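User: I have a model open and I'd like to learn how to read it. Could you walk me through a few features?

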Amino acid sequence: MSITFDQYYGEFYKDEQGPFPKKLTDKFTLNSPVGSATDQFDRIWIADTGNNRIVVLDKNFDNILAVYFSDQAPFEQIDMPFRIACHPSKPWLYITCIGNSLVYVVEYDADLNVNKIAQFGGEEIASPNGIAVSEINDEVIVYVADEFYHDNPGGMSRIVKFDEMGNMLGSINSVSDGDKNIEILWPQGIDTDDDGNLYFANTGFATVVRCDKNGKGVNFSATGSPQINGLKIPRGVSVINNVMYIPDSTTNLVNVYNLQGELQSSITGFVAPIQVSQHSDPDNIIVTNPITPNVVISKLAEFDVLGFQIANILDTAGGPRNQAGQLNFVSSAVPMPLTPAVKPNFLLDNIDKNPFFFGMNFVTDIWRKQWEYLTSFNQLGAPTPKGNFIWNANPGQYQIMRWQEKDNKYCKPKDMLLPPFAGGLALDLYTPPNAVPFQLAPGTPLVFVSNYFTGTVNIYQYNEFLDELIFYGYFGGFGIAPEQMIQPLGIEINKKTGEIYVADSYNNRISKWKFNAFGIAEFECVFGEEGDGDGQFMTPSDVAIDDKGNVYVTDQYNNRIQVFSSNGEYLYQFGQEGYGADSDNLLLPDSIAYADDRVFVNDLVNRAIKMFSLDGTFISSFSSLSGNPETGGLWMPYFLSVADGKIRVPDSTLNKVNIYNYTLSTPPAAKSAKAKKAPNKAKPAKTKKGESTCL
């Protein structure tokens, strides 16, 4: 019984590889760029992480000067280049690569002759993220943020110290703060100041920390401690001209602090910024935006509009990823089944009971006949699929894209800018057992898309003749009332009953609806509340349903799977917090699917697709962190789907969809020793006072 990689789709880059220099145009696309740095000759180096390459531009983003791929010297076998730091006095660059746990040290000259002079890491670094180089009194220290270090007690991370050639000097496992220690969890971007102090984004705790080279905290006068709190998800910290820039990927802001720890301003105009670096012009900064995906040069004198600081963008590198076959923040991939024969509308049985039903069915039947007439002329238009393709939620392009598997073609239905589709992440299909009113193609599945920003689920129907998706309806709304949602994520529909379950992530609950014969989603109830007890959630992210109607929920920040009856009764849970690709350990599980009496879980931090029996017994997994598309590697996998012996996993930052095969054997009889079962009688999931419960 195993999971094996089969194939992928999603184009990485479309631009030419040379000769260089050549003019930078919108046809030059980046793929989740993370790191950037300005060298001694004012050139800007970019870690184009998703494309697995290094790009060099001139200082004004007018020309591409060089592109280095993983099969070219001096970057042979480079895998997911991430952050870049400059040596303070030598023409050297340090580049972290999280795919192979290495740091490359390269030397360059004015003519862009580049040679690798060292590489280090491997066994000494589990996951090198941020990097900073300090030179004080001829002592050079290279700091590397070991984001997912596995061996610290309690699962904490660390900062590792090296000399300039990569010889390990020691590590900072925590920062002393008087008589207590500040733990380090998932550190990302880091930097140093002129005094040699280290700053790092302690992302797992949503803080920024300052310490000396030995890990002793250096207080900010504004906070009275070595920490700056009140951040959302800080992705880095950069010290430029004695000012701190802290990009926050949740608020889309770059927060500006002085070295006393006082907030000076917050600059908007970016999309999930991840790193700020120094430009050769002291009035400018460079900001990477992996989601957009682009890198921008911004003037420090931002615009003030109604109290908001708006970034003054001067230049941009990275055109929109809208060329044929390119994906942008792909989040769902669901196969479209062949269109079955449609059953007559059950409303016909009610004609004698209510004249309203007769009128509705009459209009719907005319609509259906018109549809059949139009499709009879389909040969006059472009050929369209009748199934056997994959719907992809592609919110970075505000689109749904389909990929036709039989000839590896990417197809974008026309008029796919579907407001309010911005923020549409999770996707599921449902074929009503009987034709519903005003459905253009009865028997064709309706497409349900949860919208993270609006708190709604939008419903579309596919028009095969016009090759378009057409808006059908929506349900939900932004808010905390029972029938509202905030930041909904995964959605799953019981194909037998029409019951709809949505992970209402911000409200820490599951929202249940029912799609009725009138084509309307009726609200039924919610279950769950914030917490870590049985039936409680910390950001539930996805839902799956087994053949008995039981509901499986990825309780993401509790690092577990919880199982409920169809009415929200808590049954049991499985999984436990921890690193490990070949176990039932979980770290931020963000997606789940059911097929063939198995449960499939996307274990985000462990970069693993895991297979469990229904009782929670771990069976098998596939795990790989790599930017090489041929390996099936993952970076930020999102909502997986499982059907017909295949697992489809979209990677939202590598911008591809991986397809895996899985094999089955007899389910293990033993129950997982770590599965936490309910008492003799199942109990309802806890719900906030005043909410509509399912029981």
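Predicted model: local features only at pLDDT ≥ 70, side-chain atom pairs only at ≥ 80, totals over all residues.

User: Let's start with confidence, then. What average pLDDT does the chain have?

Analyst: The average is 88, and 86% of the residues score at least 70.

User: And where does pLDDT stay under 50?

Analyst: One such stretch is residues 341-353, where the model has 21 contacts beyond four places in sequence. Residues 378-385 are another, with 11 contacts of that kind.

User: On to strands. What holds the strands of a sheet together?

Analyst: The general idea is that strands pair through backbone hydrogen bonds, and they do so either parallel or antiparallel. For a case here, take the open sheet with the order β7-β8-β9-β10, which has four strands and antiparallel pairing. Its edges are β7 (81-86) and β10 (115-121), each of which pairs on one side only. On average, neighbouring strands in this sheet are turned by 20° against each other, ignoring direction.

User: How many bridges link β7 and β8?

Analyst: Four, with β8 covering residues 92-97 and the two strands running antiparallel. To see one of them, look at C86, whose bridge partner in β8 is L93.

User: Which way does β24 run relative to β28, parallel or antiparallel?

Analyst: Parallel: two bridges join β24 to β28, which spans residues 308-317.

User: Now for a side chain. Is S332 buried or exposed?

Analyst: S332 has 1% relative accessibility, so it counts as buried; the cut-off for that is under 20%. You'll find S332 in strand β29, residues 332-336.

User: What does the side chain of S332 reach?

Analyst: It gets to the backbone oxygen of L425, at 2.6 Å.

User: Which residues is S332 in contact with, beyond its neighbours within four places in sequence?

Analyst: L425 is on that list, along with A426 and L427. W391, N392 and A393 are there too, and so are F639 and P650.

How values were computed. Residues numbered from 1 in each chain as written. Heavy atoms only, no water. pLDDT = per-residue confidence, 0-100. Contact = heavy atoms within 4.5 Å. Pairing = 2+ DSSP bridges. Axes fitted to C-alpha atoms, helices over the stretch in contact; angles between N-to-C directions. Buried < 20%, exposed > 50% of the residue type's maximum accessible area, 1.4 Å probe, protein only. Polar contact = N/O pair within 3.5 Å; in protein donor to acceptor, adjacent residues only side chain to side chain.
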